Amino acid sequence: MKNPELRPARPSSFNSPRLFYTGLLSTGVVVVLFTLLGALWFERQSYLLQREGQQRAASLMAEGLAQAIESDLITRDFAALEARLIQTASHEEVVSVLLADNQGQLLSHVRRRGTNGPVEPLFSPMSITPPPRTPLFEFENEQLRAWIRVGSIMPMGWLRIEHKATQSDSALRELQNQLLTLSLVSGLVLITVLILVLRKTHDLFQEHAAGLLATQQVLENVAYHDGLTRLPNRHLLMDRLRQSLASAQRHGNRLALCFIDLDGFKQVNDQYGHEAGDHLLIEIAHRLVAGVREVDTVARLGGDEFVLLLPDLDSQEGIETLLSRLLQAVTEPVAYGAARLQVGMSIGIALYPDHADSSDSSDGLIERADQAMYLAKRQGKNRWVFYEG
């Protein structure tokens with residue numbers, strides 16, 4: 001009897017479990033590798049995003065502070081300048097703030113003591129080497145050093161802010177480390193953990209973005225508004241004046257610029273002190289704002305100097321009616337404890353296009369209004385005078 005013919009076994013019968021386990025293992029390895037690569041990519045993107053956010057926050061802070069201290073540098077008001085630097089350094093992410101002149105000579109330097117210590121000025125005759133360009137950002141570990149030029153019209157000095165990572169950034173870095181550790185365990189567990197981490201990271205990003213927005217709003221407020229009265233400062237006034245002049249030129253409208261200097265304010269300061277003077281300035285600001293239209297701008301240039309920008313005027317009589325009402329409101333006494341504080345206003349008025357043409361700058365209109373204000377002082381104070389050129 002012949003032996004039966006031996007048939008070769010089908011590879012699928014013998015190799016299917018091996019192929020199954022090999023495929024399962026390969027799938028697991030691929031999942032782990034892709035998860036690890038995804039984690040590494042995520043860690044890199046998060047790191048770059050953290051640095052970008054830190055750089056953006058430092059840039060906004062430096063630009064806002066540079067604009068805010070311009071007037072202090074011009075008037076050489078080093079006390080106010082140092083106060084602004086200390087106020088900026090009070091932010092938890094700021095380590096130090098340094099200001100130097102064009103030659104690199106140190107003007108002011110404030111630094112936080114320790115992690116959560118007080119902000120203190122540093123006194124040193126040292127000089128610095130200005131950076132080759134600005135803005136310049138230098139990272140060292142988790143700390144950023146931002147350099148920026150001070151002076152919107154002409155260079156006035158150098159500003160340096162040292163900015164550290166926030167608690168949100170540290171939490172984000174910790175999550176990244178956890179992600180890299182967990183990615184070595186298994187593909188399925190890593191994917192689950194990655195989803196949870198991504199959700200948490202998204203919340204941190206949202207919190208970080210909200211913090212950046214809040215910081216930006218605070219810096220914009222500091223850069224464009226007076227710290228005492230919250231009125232627009234010179235920077236915001238000049239911007240609105242340029243826009244109003246451009247609109248008046250296009251539509252053939254008139255506008256008025258009124259330069260105001262308070263009469264008797266120095267006597268109030270000397271007799272009752274600076275707190276009384278500040279209280280008086282805040283009340284005067286409220287009365288000026290309450291007495292003008294919504295389209296008008298009331299700005300404080302500093303000290304007891306205010307400016308009214310009145311666009312879209314119908315007639316000169318309308319200006320005089322408005323100023324008469326403001327004079328009456330401002331000269332009303334202001335209660336301060338048992339005392340009653342009282343000042344007047346000398347007002348100089350320059351009109352467009354009566355006292356300026358399209359070739360004149362906004363500074364020229366302010367200068368003419370300032371000249372008219374001094375004429376009002378010489379004529380007896382507590383009155384308004386139109387510029388006569």
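The protein chain has 10 helices and 13 strands. Keep in mind that this is a predicted model. Of its 389 residues, 41% count as buried.

I'll take two helix pairs today. First pair: H8 and H9.

H8 covers residues 274-291, and H9 covers residues 316-330. Their axes lie 10 Å apart, and the packing angle is about 150 degrees. Angles over 145 degrees count as roughly antiparallel, so H8 is roughly antiparallel to H9. The crossing is right-handed.

Who makes the contact? On the H8 side, Ile284, Arg287, Leu288 and Gly291. On the H9 side, Leu322, Arg325, Leu326, Ala329 and Val330. By class, that contact has 6 nonpolar residues, 1 polar and 2 charged.

Stay with H8 for a moment. Its buried residues are Ala276, Gly277, Leu280, Leu281, Ile284, Ala285, Arg287, Leu288 and Gly291. Look at Arg287: a buried residue of H8, and part of the contact with H9. What about the length of H8? There are 18 residues, so at 1.5 Å a residue H8 should span 26 Å. The end C-alpha atoms of H8 are 26 Å apart, which agrees.

H6 runs over residues 234-251, H10 over residues 362-378. Their axes come within 9 Å and cross at roughly 105 degrees. The range from 65 to 115 degrees counts as roughly perpendicular, so H6 and H10 are roughly perpendicular to each other.

From H6, the contact uses Leu237, Met238, Leu241, Arg242 and Leu245. From H10, it uses Ser362, Asp363, Leu365 and Ile366. The class count for H6 with H10 is 6 nonpolar, 1 polar and 2 charged.

Now H10 itself. Which of its residues are buried? Ser362, Gly364, Leu365, Ile366, Ala369, Ala372, Met373 and Ala376. And what covers them? The cover includes H6, along with strand S7 (254-263), strand S12 (344-352) and strand S13 (383-386). Ser362, Leu365 and Ile366 are buried, and these residues also touch H6.

Length check on H10: its 17 residues should span 24 Å at 1.5 Å a residue. The end C-alpha atoms of H10 are 25 Å apart, so that agrees.

Glycine 380 follows H10, and its phi is positive, near 125 degrees.

Methods:
Residues are numbered from 1 along each chain as its sequence is written. This is a predicted model: local features need pLDDT of at least 70, side-chain atom pairs count only at pLDDT 80 or more; totals for chains, interfaces and linings use all residues. Side-chain values use heavy atoms; hydrogens and water are left out. Axes are lines fitted to C-alpha atoms, for helices over the stretch in contact, and angles run from 0 to 180 degrees between N-to-C directions. Helices (H or I, at least four residues) and strands (E, at least two) are DSSP runs, numbered from the N terminus. Angles under 35 degrees count as roughly parallel, over 145 as roughly antiparallel, 65 to 115 as roughly perpendicular and the rest as oblique. A crossing is left-handed if the near helix is turned anticlockwise from the far one by less than a right angle, and right-handed if clockwise. Contact means heavy atoms within 4.5 Å. Ala, Val, Leu, Ile, Met, Phe, Trp, Tyr, Cys and Pro count as nonpolar, Asp, Glu, Lys and Arg as charged, and the others, Gly among them, as polar. The expected span of a helix is 1.5 Å times one less than its number of residues. Buried means under 20% relative accessible area, exposed over 50%, partly exposed in between (1.4 Å probe, protein chains only).
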